[in-house]
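Good morning. Please have the picture open while I talk.

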Amino acid sequence: MQIENDAKVINERIDASFKRLPNTRYQINVVFNHYSNTFNFLMYVAHPKKRSRSIPLHTVETDDLVYLESLVKRIQAHTKLTITYTGFVGEKWPSNLRPIQKMTGVHEDKQYLK
């Protein structure tokens, strides 16, 4: 099953990138690429005395939100890292119709613009 393979690849790469360094912030970022209809999974690593970086984990070749929701649940069962969403303004989870990404303004995505 494809979802099992995607979850396995992402979770293995999370484990390889998660070093548990003190004073370091780790989070998973899911980016919706509207042009190629894919979901990109990245690990954001920020340390106060080092340059922050995003480590590419995996690209899922679909734009199906039901598939994404099931995949995110499998990742959350594996790790307790915070998961943020970029490019999902106006999109809702299929199971409960809650917004995936909080809107910061009128059709704006200012998650990383500080």
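Let me start with threonine 24, which is buried because its relative accessible area is 15%. Buried here means under 20% relative accessible area, exposed means over 50%, and partly exposed is in between, with a 1.4 Å probe and protein chains only. Threonine 24 sits in the loop between helix 1 and strand 1. Leaving out residues up to four places away in sequence, threonine 24 touches Val45, Ala46 and His47. Contact means heavy atoms within 4.5 Å.

Before going on, where all this comes from. The model is predicted, so to speak of local features we need pLDDT of at least 70, and side-chain atom pairs count only at pLDDT 80 or more, while totals for chains, interfaces and linings use all residues. Residues are numbered from 1 along each chain as its sequence is written, and side-chain values use heavy atoms, with hydrogens and water left out.

Is asparagine 23 buried or exposed? Asparagine 23 is exposed, because its relative accessible area is 65%. Its phi is near 60°, a positive value in a residue other than glycine. Leucine 97 has a positive phi too, of about 60°, although it is not a glycine. Leucine 97 is found in the segment after strand 4 (82–86), and with a relative accessible area of 59% it is exposed.

Now the overall layout. The chain has two helices and four strands. Helices (H or I, at least four residues) and strands (E, at least two) are DSSP runs, numbered from the N terminus. In what order do the elements run from the N terminus on? The order is α-β-β-β-α-β. The chain has 114 residues, and 39% of them count as buried. Take the contacts between residues at least 6 apart in sequence: 49% of these join residues at least 24 apart.

Threonine 82 is an example of parts that meet across the sequence. This residue lies in strand 4 and is partly exposed, with a relative accessible area of 46%. Apart from neighbours within four places in sequence, threonine 82 is in contact with Gln27 and Ile28. The C-alpha atoms of threonine 82 and asparagine 29 are separated by 8.4 Å, though the two residues are 53 apart along the chain.

Next, helix 2, residues 65–78. Its 14 residues should span 20 Å at 1.5 Å a residue, and the end C-alpha atoms are 20 Å apart, so the two agree. The expected span is 1.5 Å times one less than the number of residues. Which residues of helix 2 are buried? They are Leu65, Tyr67, Leu68, Glu69, Leu71, Val72 and Ile75. As a reminder, an α-helix has 3.6 residues a turn, so residues three or four places apart point the same way. The cover over the buried residues of helix 2 includes helix 1, strand 1, strand 2 (38–46), strand 3 (53–60) and strand 4.

A salt bridge is a side-chain nitrogen of Lys or Arg within 4 Å of a carboxyl oxygen of Asp or Glu. The partners are arginine 74 and glutamate 4, whose closest N and O atoms are 2.3 Å apart. Arginine 74 lies in helix 2 and glutamate 4 in helix 1, so the pair ties together parts that are 70 residues apart in sequence. Both partners count as partly exposed, arginine 74 at 29% relative accessibility and glutamate 4 at 39%.

Last, the aromatic rings. The structure holds six aromatic pairs. Rings of Phe, Tyr and Trp (its six-membered ring) pair if their centres lie within 6.5 Å; planes under 30 degrees apart count as stacked, over 60 as edge-to-face and the rest as tilted. Phenylalanine 39 and phenylalanine 88 form a stacked pair, 5.8 Å centre to centre with 15° between the planes. Phenylalanine 39 is in strand 2 and phenylalanine 88 in the segment after strand 4, so this pair links distant parts of the chain, 49 residues apart. Both of these phenylalanines are buried. The pair of tyrosine 85 and tryptophan 93 is edge-to-face, because the ring centres are 5.5 Å apart and the planes at 80°. Tyrosine 85 is buried at 11% relative accessibility, and tryptophan 93 is buried at 12%. Phe32, Phe39, Tyr85, Phe88 and Trp93 form one aromatic cluster.
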